Amino acid sequence: MHCEVIKSNCAVRSSSAWLALNGAIMSIFLLSRKFKLTGTRSDTGHTVTTAFHSFARETRRGVRMRFPLNILRGMRNKATPSAAKVKADRLRNAISTKFVKLIRVAHRDGDETRLETFVKEAHKAGVSKAVTDRALDRMRNSAGLFEEMLYEGTLPGGICCIIEALTDKKSRTAQDLRHVLSEGGGALGASGVAMWAFERKAFLEYEELDAARRDALIEHAMDLEVDDVEVKDMKEEGAADGAESVRVWAAASKLTSLRAALSGYTLINEQRCFVPTSAVELDAEAREAHDQVVESLLALDDVEEVWTNVAVSTS
């Protein structure tokens, strides 16, 4: 009889302890619901409630309690990307964008030689085959539907901008441009609102690693009566130390003839560009806002190039 009483008391105590434990678990679960901690499988609430449900199941089975050490793992903040990584990502995106646009223009012009050259150069620069294939597929699937467009706009501080686009739907492109410019405090304008601040130029860029060939290229270009020839350090564009490119500027009408005359050298970039007749100086804050708007414009699928009359930063 005495033994039965002891057993009964133990059972009551065990039952009370179990009820208290269940009550604590339920309280934590309800609090997590109240503060909206539960949700997707990746957020903190799910991690917490799942851990305690597992804990409760193991306790009911009489398994020794094991508190999960990773219970707070979902509460850790992701490390902020370093400045070097952000810069590297921007550089990689800029290189990909440049080559995708060159490939699209060469395909549009039907120049298979240039198209093949730009695809090879893109792969050498680290652009993946998937990116170049996607650019080619887009052009092939919309053959004859794309149209070159020039849009003009303004930004705060007296900045004029010209946007080159290749689009198969002009209304969509104009709407996207209008939205980005208005977000940056500017506006999309009518024809002539920005063109007065620029002149049209031909631009060709060549890469020659051999110093003798580089000097010969410069001399040859000067003999063709171009507007300007400059040597550019390519380290900022991800090239090896000491790598330099030769950039040739001339009247826009000379682009085709210059390309043919300098065909013996390695062409890595060419375009007809808009050069400002006078540049606008910006302070650091205004330049950052300007650069953000330009980046947002270039991120649009239809945009080929963006030109502004802002002075080039020397920093």
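**Notebook: helices, sheets and cores**

I began with helix α7 (residues 211–223), which lies across β4, β5 and β6 and runs at about 5 degrees to β6. I note here that the model is a predicted one.

**Entry on Arg-214.** I looked up Arg-214, whose place is in helix α7. Is Arg-214 buried or exposed? Its relative accessibility is 11%. Buried means under 20%, so Arg-214 counts as buried. I then listed its contacts, leaving aside neighbours within four places in sequence: Arg-214 is in contact with Glu-208, Leu-209, Glu-244 and Val-246.

**Entry on the sheet with β4, β5 and β6.** I next traced the strands that α7 lies across. They belong to an open sheet of four strands, in the order β5-β6-β4-β7, with antiparallel pairing. β5 (228–233) and β7 (267–276) stand at the edges, and each has a single partner strand, so one side of each is left without a neighbour in the sheet. From one strand to the next, I found that the twist averages 25 degrees.

How many bridges join strand β4 to strand β6? I found seven between β4 (residues 198–207) and β6 (residues 244–251), and the two strands run antiparallel. Within this sheet I also noted that Leu-204 stands opposite Val-248 in β6.

**Entry on Thr-277.** I located Thr-277 in the loop between β7 and α9. Which residues is Thr-277 in contact with, leaving aside its neighbours within four places in sequence? I recorded Trp-196, Ala-197, Phe-198 and Glu-199. Thr-277 and Trp-196 are 81 residues apart along the chain, while their C-alpha atoms are separated by 8.6 Å.

**Entry on the sheet with β1, β2, β3 and β8.** I turned to another open sheet, in which four strands take the order β3-β1-β2-β8 and the pairing is antiparallel. Its edge strands are β3 (187–189) and β8, each of which pairs on one side only. On average, neighbouring strands of this sheet are turned by 30 degrees against each other, direction ignored. I found that β2 and β8 pair in the antiparallel sense over five bridges. Cys-161 stands opposite Thr-308 in β8.

**Entry on the nonpolar cores.** I looked for the largest nonpolar core and found that it has 18 residues. Those with the most contacts inside it are Tyr-151, Ile-163, Leu-177, Leu-181, Val-293, Leu-297 and Val-306. At least two residues of this core come from each of β1 (147–155), β2 (159–167), α6 (170–183), α9 (284–298) and β8 (303–308).

I followed Leu-297 in particular. Not counting residues up to four places away in sequence, Leu-297 touches Ile-163, Leu-177, Val-180, Leu-181, Val-303 and Val-306.

**Entry on helix α5.** Last, I examined α5 (residues 129–141), a helix of 13 residues. From its first C-alpha to its last it reaches 18 Å, close to the 18 Å expected at 1.5 Å a residue. Which residues of α5 are buried? They are Val-131, Thr-132, Ala-135, Leu-136 and Met-139. These cover an arc of only 130 degrees around the axis, which puts them on the same side of α5. On the other side of α5, I found Lys-129, Arg-134 and Asn-141 exposed.

Definitions and conventions:
Residues numbered from 1 in each chain as written. Predicted model: local features only at pLDDT ≥ 70, side-chain atom pairs only at ≥ 80, totals over all residues. Heavy atoms only, no water. Expected span 1.5 Å × (residues − 1). Buried < 20%, exposed > 50% of the residue type's maximum accessible area, 1.4 Å probe, protein only. Arc of directions from axis to C-beta. Pairing = 2+ DSSP bridges. Axes fitted to C-alpha atoms, helices over the stretch in contact; angles between N-to-C directions. Contact = heavy atoms within 4.5 Å. Core = buried A, V, L, I, M, F, W, Y, C linked by side-chain atoms within 4.5 Å.
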